[in-house]
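Hello,

Here is the structure I promised to pass on to you. Have a look at it first, and then read on for what turned up.

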Amino acid sequence: CTDDLNITPNDDQTVLSENLFEDEAAYKQVLAGIYANLALTGTDGPESSNLKNIDAGTSQFGRVLLYTQTLSADQMIWSYENDPGTREIQRNIWTAQNPLLLGMFSRAHLSVALANNFLRETTEAKLDSRNVSEDTRANIAVYRAEARLMRAMAYYYMMDLFGKANFADENTPINAQPEVYDRTQLFSYVESELLDIEDDLVAARQNEYGRADKAVAQMILAKIYLNAEVYINEAHYGECITYCEKIIAGGFELADSYLHNFMADNNTNSATNEIIFPIVSDGVTTQNYGPTTVMVNGSVGSIEKNGDEVGVGTEGWGGALRVRREFSSLWGPAFADDDRNTIISAERPIDIPDISDKDTGYIIQKYSNATSTGQLGADKTFVDTDFPLFRLADVYLMYAEAHLRGGGGNLATAVGYINALRTRANNPSTISSGDLTLNFILDERSRELHWEAHRRQDLIRYGRFTGGNYNWAWKGNGSNGIAIPAHFNLYPIPVGSMAANPNLTQNPGY
Amino acid sequence: TVTEQSTSIPLPGVNVIIKGTTTGTTTDFDGNYQIAANNGDIIVFSYVGYATQELTYSGQSNLNVQLAEDAAQLDEVIVIGYGTTTRKDATGSVEAITAEGFTKGNIVTPENLINGRIAGVSVNTSGAPGSGSEIRIRGGASINASNDPLIIIDGLPIDNKGVTGSRGVLSSINPNDIDSFSVLKDASATAIYGSRASNGVIIIVTKKGKSKFSATYDTQYAFGEITNTVDVFSADAYRQLVASQPINGTTINENLLGNANTNWQNEIFRSTVSTQHNISMQGSLFKVLPARFTFGVVDQEGALKTSKFERRNLSLALNPTFFEDHLKVNLNVNFSFEDNRFGDAGQIGAAMRYDPTQPVFDSTSPFGGYYQHRNGNVVANGTTNPVASLLQRTNLGDANRLFGNLNFDYKFHFLPELKAVLNIGYDRTSSKGFNSTDPLQATTDPDILFKGTFNKNSQERTNELLDGYLNYNKNLDNIGLDFTAGYSYQRFTNEGVNGRNITDPLSVDDFYADPDVVLIGFFGRANVSLNDKYALTLTYRRDGTSRFSKDNQWGNFPAAAFAWSISEEDFMKDSNTFSSLKLRVGYGITGQQDIDQGGIFLNRYRGGIANSQFQFGNQVIQSLITSEINPDLKWEETTTLELGIDYGLFNNKVSGSLNLFQKNSTDLLFVAAVPDGANFSNSIIQNIGELQIQGAELSVNTDVIKNEDWKIDFNFNATLLDREVKELALGQDVRTGGISGGTGNNIQIHREGEAPNSFYVFKQLYDTDGRPIEGAYADLNGDNVINDNDRYVKENPGANAIFGFQSNVFYKNFDFAFNLRANLGNYVYNNVQSSRAQYELLLDNAVLGNIPTSVLDTGFQRTADVIISDIYVENASFLRMDNITLGYTFSDISKVLKSVRLWGGVQNVFVLTNYSGIDPELSGIDNEVYPRPRTVLVGANIKF
């Protein structure tokens, strides 16, 4: 009876691949698994993770993206520096051992692995062998395009943050040591993949909520073109304008209210017109310690105890998040009534001389677990608020910037877009074409898109992230900010990742 | 009458046989016997542990015999895997302790019967009532896979994993039922259990039925007291401290101070009373069926309020023989009913933290009359009243266990040298848990205010065994032959449910079931001895496990050992110094497959639980995520080389062993990084790395005095251990050792060339007065930035040397015993101080919190600046007296009442250490340790 050694799972949560696809509904569930990797950290609750060597909850895709793109720059401070990695990220003294960087690198690559697996399981040959029905096959064609889109998106973030990645596609065997793509290779791969699938994706705004459509591919294209000078030393602003125009033509509209984008019902309120792609969060069914849960709980003030207003515990996380002086200073008197200005400054000094003193520095109240109609989310910790990874306002600002950087388009249109954002925010002071400068756009992007995981990329594009031409509080570990070396424009390859794949080499300077 | 030579106490159960016949009997409880004998018959008196005597019968009506204890017990039977041997014939490293030698005291769980008694074996038990222990034999053999030894009870290898409602796998076993422990340490002894033998094997044999009636009643009462708590500020000192405003840059709101004086640690701990009763009876049922029956009751209060352990044990052993002893049948059935109430040990930390100026009770509080820091209707963020947290929570676990085995041992009629043994074992533990909190428990969430929580859980583990073997044992003139060959099949299952919180309509049940674990083995052993001088043992086992894929399921585990009894050689035979001397050499390979993950070689998808779903179009969809996979996973192998000497000096007044060993574990089952994007995790379990453990063991047992009135013996053992990680995946460090204070901080590292679990810390800088400078560390890599690259390895938790010392003193009817243990070179990271003793923690979110007084020494302000400092890595070497007992025996009281022993003792008598925490004996990281109480014991042992 040595055959007894060949066991099968007993748990009803676990299914073997040979049994799974007997039910054609499984294809969509496996596709959902690729998307879920952006929202969940594991299958067994918010404290579970399919990654190791990083705290489970912290390893959420949007969370590590927020840390690498926002916490590392001038908009945000995390009070609890004994959470490993946070101190080094927000003071720009990171090393290749940083667990948050490992989380980012590994989580994005897991998206690649999950997408590759889906593509392997849905080849024509496999579908033939399983006698998959025509209806399902038609759906699978779209699913495959979405899987490739998620894979391309992962490689876009790797290109932006680390400048290289393990390159694995559906032809790469499990447990292989993949070849490594540098920035140039990643750029052309991401570009060609997105162009290739553009036609297979569902038209903008026509897919189910939570799934990606054409506009998501166009958004990533617009972003890589806008930043092409950083990535491959080539200007592609014209293509950026083209793709911004395509997205806008897709039928998106600004939400009725700026704050609708950041509320518990942003999957149903007017924000659905504006959000191009969300990272889903639900306080009951999709619990995670992702960016919205962290930002809603974290931005509750230590003095203000304003958690009740935003649908979490009265004291939230006791003042985990605050903003730095440079961000606070963006809001002059002209922005007193601007909806985007959610700063709470009463009783608070603007400066943060000691990061652990949660009573210093201003706080903001941008994200909320309350709905547009004043209901509170179902759970007091895990918020219902989806994270708006891409939204129309960003496209407007990208259009204006690409125009100024010589990408063509129309100045009046660009100014119109900026003013549309201001008008929507109930800010009476609109701008004229003379006001539209690159410096203005950088500040306006911060006002519009702060805490949405764009800031590091923006500062690098403007040449202000490293070096000393723009120093913000705690940059380079000085309370008033000091210069940091140019190699900090890329993050180091995490040591664990590098060791596991000898094809990876460390980024210069680390 | 047969009596014991030194004490003249009658010996019951002595075998009395007429030599060369099957005529025989055993002595009764008074040592009396009757036998029909003819003149000239040789009558043989034999008893385990005593030298056999032969007398020629010459017509006496009374033949009184005094049996002398066999000092070196060289003929003592030692249970080894699938058979027995004697101390004299053993070729491997095997140590046995039988019931008479067990440690006496407040022993609730069986492993403490041998704690400190056997070289190379360490047992670490927490202070929680009935709690399980960490048992290590020669420091284990693995890093990521299990380091637990294989424990075998009456031939049934038990599962090392417990159930939620139980305190541990051995907690359900009544120590009074145990007859002997054998510890198999080297590969030649353990290889017969190849698949699971790398961490050593502990064989437990339970007591059997005997044909003569006897009964004993044991009872004891234990009074426990916590003797040591972490020093935090008293209420008055705390008020002064707050008034001095010691937090740089922050003002503490002194209005938050209360008027009470509460020592919260005194409030959560209590003096305990525990009792044990045990009745055992043995005798022949219907005059033909030797049987033993025990009933044991343990009621143990935990020092932490509400925690308790209750256990009822019923065990029955039936040991009939058939066909003139050709067929022996042993049936053991044990029922254990464990009723636990778990006290949340996290409240020990809360008690250190809670504001000492606040009272325990507050009549105005809506939360059941307990004081809470209130914030309107809810409690303020911060620690909640630990007394309320304990008393308002009911966390019960009932674990019912049935285990036992049925063993047939048949000696062939036509070939008595050959016997066949069949063993069927079964072990099932099912537990039910109830965990509820009072609706009046404090909460920060107004939505669940005054609702409480109520969860149920249940779990069931089973373990089924079938094994059988043939044994051929023949002594030719000078050659002894002993061959064994057999087969073993074992299956483990585990399933259960973590129930929903029924007060929360959104919560759902979570059912789980592990993949079955199936282990199949074929084994053989050959012992050949020549002239009682040379003995060779060859062992081979081929094992299959369901944990690996078809291609890697099977592992082969050979071993060989050679022993040379030098003292049997002519040139030594007349030595006055060496009464026995044996040299042993052993070599063998054992395996390891005990990993947490089941089915990792399978291509699996896992669906999310109810709160790990995804949403498409505002519809919930259960996402399926591919699970990590490693089809190449295979056995971890440990190669052990051992050189040993067993010695007896001065007519065996001094005896013991000296062993040198080296264990190399290769293909370590290790969770290590895989290339990102090439698997469904960034780290999976793989076979990478090598661990080497070198060590030496010495044991010395001496009879210092042995005469009519006095008997004094000393038993000493010492173990030296050196552990080194020889190789890791791609040479990469692995971080481990999660600590509190921050989310996901690690303090330990596995690194090539270092001991596993070494502490990995910053090097603290000090000012000219020798005070540590907060946040100032040596720039070890000289790059002018202090970051993770400046951490270094400082010591490790493993002891370099472990000592045990035990002594028994008998004077007339008095008996006195104590034992001592010491560990040297074991280090502890004091997480209690590192995460608590900083001034900023006087603010506990919105309220005030207490901190350890050691902050006065360091002056540290912020946890984040100091938590990785090497000042928290402390030498935790210790000398500990576990037990001291004194007893007096009234013997020959009446015909019915044979003897009464009254005794008293103290457990956990003292600990000498420089370690600053409350207990130095823990595995590396000191964090909210459940303290071991000091216990005063009185008891009686009554024999009928």
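Please keep in mind that this is a predicted model, so everything below was computed from its coordinates.

Let me begin with a histidine in chain B. B:H750 sits in strand β44, which covers residues 746-750 of that chain. With a relative accessible area of 3%, B:H750 falls under the 20% cut-off and therefore counts as buried. Its side chain comes to 3.2 Å from the backbone nitrogen of B:N757. If you set aside neighbours within four places in sequence, the residues in contact with B:H750 are B:I143, B:F670, B:L728, B:Q732, B:D733, B:V734, B:T736, B:P756 and B:N757.

Next, the interface. How much area do chain A and chain B bury between them? The value is about 7,700 Å², with 53% of it on carbon and sulfur atoms. On the chain A side, A:L5, A:I7 and A:K52 lose the most area to chain B, and together they make up 10% of what that side buries. Chain A brings 96 residues to the contact and chain B brings 91.

Polar links across this interface come to 43 residue pairs in polar contact, counting pairs with both residues at pLDDT 80 or more. The elements of chain A that supply two or more residues to the side touching chain B are β1 (14-16), α1 (17-20), α2 (26-39), α4 (86-90), α5 (99-121) and α18 (495-500). By residue class, that side of chain A splits into 37 nonpolar, 38 polar and 21 charged.

A strand pairing also crosses between the chains. β1(A) and strand β33 of chain B (residues 604-607) run antiparallel and are joined by three bridges. One of the residues to look at here is A:T14, whose bridge partner in β33(B) is B:R606.

Now for the salt bridges. Over all chains the structure holds 81 of them, and the count between chain A and chain B is five. In one, B:E628 meets A:K52 at 2.8 Å, N to O. B:E628 belongs to the loop between β36 (624-626) and β37 (636-649) of chain B, and A:K52 to the loop between α2 and α3 (61-71) of chain A, so this pair joins two chains. Are these two residues buried or exposed? B:E628 is buried at 14% relative accessible area, while A:K52, at 21%, counts as partly exposed.

A:D354 pairs with B:R862, their closest N and O atoms being 2.3 Å apart. Within chain B, the side chains of B:E840 and B:R862 meet at 3.7 Å, N to O. B:E840 is in the loop between α7 (831-834) and β52 (843-844), and B:R862 is in the loop between α8 (855-858) and α9 (863-866), so the pair ties together parts 22 residues apart in sequence. B:E840 and B:R862 are both buried.

Another chain B pair is B:R932 with B:D919, where the closest N and O atoms are 2.6 Å apart. B:R932 lies in the loop between β57 (925-926) and β58 (934-943), and B:D919 in the loop between β56 (899-913) and β57, 13 residues away. Both of these residues are buried as well.

Salt bridges with shared partners connect A:E274, A:D338, A:R340, A:K366, A:R391, A:R422, A:R424, A:E444, A:R447, A:E448 and A:E452.

Best wishes

Key: Residues are numbered from 1 along each chain as its sequence is written. Chains are lettered from A and ligands numbered from 1 in the order in which they are written. This is a predicted model: local features need pLDDT of at least 70, side-chain atom pairs count only at pLDDT 80 or more; totals for chains, interfaces and linings use all residues. Side-chain values use heavy atoms; hydrogens and water are left out. Helices (H or I, at least four residues) and strands (E, at least two) are DSSP runs, numbered from the N terminus. Buried means under 20% relative accessible area, exposed over 50%, partly exposed in between (1.4 Å probe, protein chains only). A polar contact is a pair of N or O atoms within 3.5 Å; within protein, one must be able to donate a hydrogen and the other to accept it, and residues adjacent in sequence count only if both atoms are side-chain atoms. Contact means heavy atoms within 4.5 Å. Buried area is the accessible area (1.4 Å probe) that two parts lose on being put together, summed over both. A salt bridge is a side-chain nitrogen of Lys or Arg within 4 Å of a carboxyl oxygen of Asp or Glu. Ala, Val, Leu, Ile, Met, Phe, Trp, Tyr, Cys and Pro count as nonpolar, Asp, Glu, Lys and Arg as charged, and the others, Gly among them, as polar. Two strands pair if DSSP finds at least two bridges between them.
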